[in-house]
Amino acid sequence: MNRFPLSQWLERGATSETHAAFLRKLRIRQLLVWLARISLLAGFIYSWEWLTGEGWLDPFLFSSPSLILQQAMQLAVSGELFYHIKTTALETIAGFLLGTASGISIATLIWASPFLSRVLDPYLVVLNSMPKVALGPFFIVTMGAGFGSVLAMAIAITIIITALVVHTSFQSVDNSYLILARSFGATRWQIFRTIIFPACIPDMIAALKVNVGLSWVGVIVGEFLVSKAGLGYLIIYGFQVFNLNLVMLSLVIVALIATVMYQVIAWLEHRLLRHRYET
């Protein structure tokens, strides 16, 4: 029996009628979730525009979607918009990758040496509790008012929390697996490579998701302090000249790029943990 194209799409990959019914129900629910998300966003944008147009909100203080779009078109025509986006995106991606990789490396190092773990544990806790913004002047003096200090701020915010989370995950692996591996003569490196690291991939993915936001915080704060380019610079400049349209535009762009980064991490999670979604 021929099915409607929509039914064929909803039931694609089915191996039986029961499986087809399950897939149809699952995909309809996913579509409803996406429709609800889009409707909520569209409703928010429409309400924002309507409230400012009717005078319920002051467009000078709260801007509006149409004013933000006009500001974006002005900067895009001059070429400034893409320059500032590129600057901040490169700083954020570099800080995110370096901070995460360095944090995982530190966690691996202190896991490999129980003695080093005991020595460094209180220092990591103290460094994690320290407000990283306070390190800004130090970075400026040592690295100059430029890309290096902004990158250092992003790394400083992400590296310690990543090391603590991943190291805790390493230590929480079921000890019975480690005992069994040792009974077969596995070395410490083999245990780490085949048991510890794979078991902790979900926690590392969770750390990546957290680091998306933290890296943006580090870069924007760094640009507040020293940068002459980037979205953080536009936010500060917009406040200085009372151009709240520029401020809101920068915030919207930050939200959009952060969402894209988060979705990339979600895709990576699905690829690495596909077996969990298929069971």
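**View 1. T158 in helix α8.** T158 belongs to helix α8, which covers residues 147-171. Helices are DSSP runs of H or I with at least four residues, strands are E runs of at least two, and both are numbered from the N terminus. The model is predicted: local features need pLDDT of at least 70, side-chain atom pairs count only at pLDDT 80 or more, and totals for chains, interfaces and linings use all residues. Residues are numbered from 1 along each chain as its sequence is written, and side-chain values use heavy atoms, with hydrogens and water left out. T158 is buried, at a relative accessible area of 0%. Buried means under 20% relative accessible area, exposed over 50%, and partly exposed in between (1.4 Å probe, protein chains only). Leaving aside residues up to four places away in sequence, T158 touches G95, G99, T100, N211, L214 and S215. A contact here means heavy atoms within 4.5 Å.

**View 2. N211 in helix α11.** Helix α11 spans residues 201-225 and holds N211. N211 counts as buried, with 1% relative accessibility. Beyond residues up to four places away in sequence, N211 touches F96, T100, T158, I161 and T162. S183 is 28 residues from N211 in sequence, yet the two C-alpha atoms lie 38 Å apart in space.

**View 3. H84 in helix α5.** H84 sits in helix α5, residues 80-112. The relative accessible area of H84 is 5%, so this residue is buried. Its side chain reaches the backbone nitrogen of G230 at 2.9 Å. Such a polar contact is a pair of N or O atoms within 3.5 Å; within protein, one must be able to donate a hydrogen and the other to accept it, and residues adjacent in sequence count only if both atoms are side-chain atoms. Setting aside residues up to four places away in sequence, H84 touches K228, A229, G230, L231, Y233 and L234.

**View 4. The chain around these sites.** The chain has 14 helices and zero strands. Of its 279 residues, 36% count as buried. Among contacts with a separation of 6 or more, 64% join residues 24 or more positions apart. The C-alpha trace spans about 75 × 75 × 30 Å along its principal axes. The radius of gyration is 24 Å, whereas a compact globule of 279 residues would have one near 19 Å. This radius is taken over C-alpha atoms, and the globule rule is 2.2 Å times the number of residues to the power 0.38.
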